[in-house]
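Take a look at the sequence and the model below. Then read on for a short tour.

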Amino acid sequence: MPSEVTVQSTLFESLVRLARPDAKLQAEFLAAGFDMDKPRATYPAAVFAGCQEATVRHRYAGLDRKSAYRTLGRELVRSYFDTLVGKVVGMALKVAGPERAMKRVSLSFSSVFSPVDIQVESLGPADWRVRFRSYPFPAEAAAGTCEGALRQAGATEPQVNVERYEPPDGFDLRIRWS
């Protein structure tokens, strides 16, 4: 039986930075299992998923669900680059460039989610497939995160598409840029 995925507190810090929760959203975070006043080092994936869902409802109410999660992913990674750990990661991405950054996608995701099953396949220059399995978060959020990280790495016009869903918690992303 696979271990339950856990999420590092750095990602919660990033979510709080982007969501700027009012009292109502703070209460929803607390109901999901995240107390902003008493953060822990790690949380079960279900807690992060609940906080993501609450953020989508409050911050992206005018968007359809897939667009809301993609936007959340983009903004979450941008907010992550404002954290202490994220600043170091962001500089490393800039130095590495998009091709080398793609080779390290699994390592990047596993720095905040553990355990994760992510395989990366190069299909050609600036053309990659990333397979997520046993990944309990929306594919669209991962797509937005990859777009944001690639921009940080210097990619021009990154395009990340969900190529295939593999229920219950798997999907493939096709990632290209110019």
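**Backbone**

Keep in mind that this is a predicted model. Begin with a general rule. Most residues other than glycine have a negative phi, and most peptide bonds are trans.

Take the peptide bonds. S114 and P115 are joined by a cis bond, with omega of about -15 degrees. P115 sits in the loop between β3 (113-114) and β4 (117-124). The bond from P167 to P168 is also cis. Omega is near 10 degrees there. P168 belongs to the loop between β6 (159-166) and β7 (170-176).

Now take phi. R20 is not a glycine, yet its phi is positive, at about 45 degrees. E157 is not a glycine either, and its phi is positive at about 50 degrees. R20 lies in the loop between α1 and α2 (23-32). E157 lies in the loop between α7 (139-152) and β6.

Are R20 and E157 buried or exposed? Exposed means over 50% relative accessible area. R20 has 61%, so it is exposed. E157 has 56%, so it is exposed too.

**A buried threonine**

T10 is part of helix α1 (residues 9-19). Its relative accessible area is 17%. The cut-off for buried is under 20%, so T10 counts as buried. Which residues does T10 touch, leaving out those up to four places away in sequence? They are Y80, T83 and V85.

The table sets out the relative accessible area of several residues.

| Residue | Relative accessible area | State |
|---|---|---|
| T10 | 17% | buried |
| R20 | 61% | exposed |
| F109 | 7% | buried |
| Y135 | 5% | buried |
| E157 | 56% | exposed |

**Aromatic rings**

How many aromatic pairs does a search of the whole structure find? It finds 17. One of them is F109 with Y135. Their ring centres are 6.0 Å apart, and their planes meet at 75 degrees. Planes over 60 degrees apart count as edge-to-face, so this pair is edge-to-face.

F109 lies in helix α6 (residues 105-110). Y135 lies in the loop between β5 (127-133) and α7. The pair therefore ties together parts that are 26 residues apart in sequence.

F109 and Y135 also belong to a cluster linked by ring pairs. Other members include F12, F29, F48 and F171.

**The nonpolar core**

The largest nonpolar core has 52 residues. Which of them touch the most other members? They are F48, F109, F113, F132, L173 and I175. Leaving aside neighbours within four places in sequence, F48 is in contact with V7, L11, F12, L15, L76, F113 and F137.

**The largest pocket**

The largest pocket has a volume of about 600 Å³. It is lined by 33 residues. The closest to its centre are V89, L93, S108, F109 and A149.

Which elements give two or more residues to the lining? They are α3 (45-59), α4 (65-80), α5 (84-103), α6 and α7. Of these, α5 gives the most, with eight residues. By type, the lining residues divide into 27 nonpolar, five polar and one charged.

Key: Residues numbered from 1 in each chain as written. Predicted model: local features only at pLDDT ≥ 70, side-chain atom pairs only at ≥ 80, totals over all residues. Heavy atoms only, no water. Helix = DSSP H or I, 4+ residues; strand = E, 2+ residues; numbered from the N terminus. Buried < 20%, exposed > 50% of the residue type's maximum accessible area, 1.4 Å probe, protein only. Contact = heavy atoms within 4.5 Å. Phe/Tyr/Trp six-rings, centres within 6.5 Å; stacked < 30°, edge-to-face > 60°. Core = buried A, V, L, I, M, F, W, Y, C linked by side-chain atoms within 4.5 Å. 1 Å grid on protein atoms, 1.4 Å probe; cavity = no way out; pocket = protein on both sides within 12 Å on 5 of 7 lines; lining within 4 Å. Points joined across faces, edges and corners; volume = space filled by probe spheres on them. Nonpolar A, V, L, I, M, F, W, Y, C, P; charged D, E, K, R; others polar.
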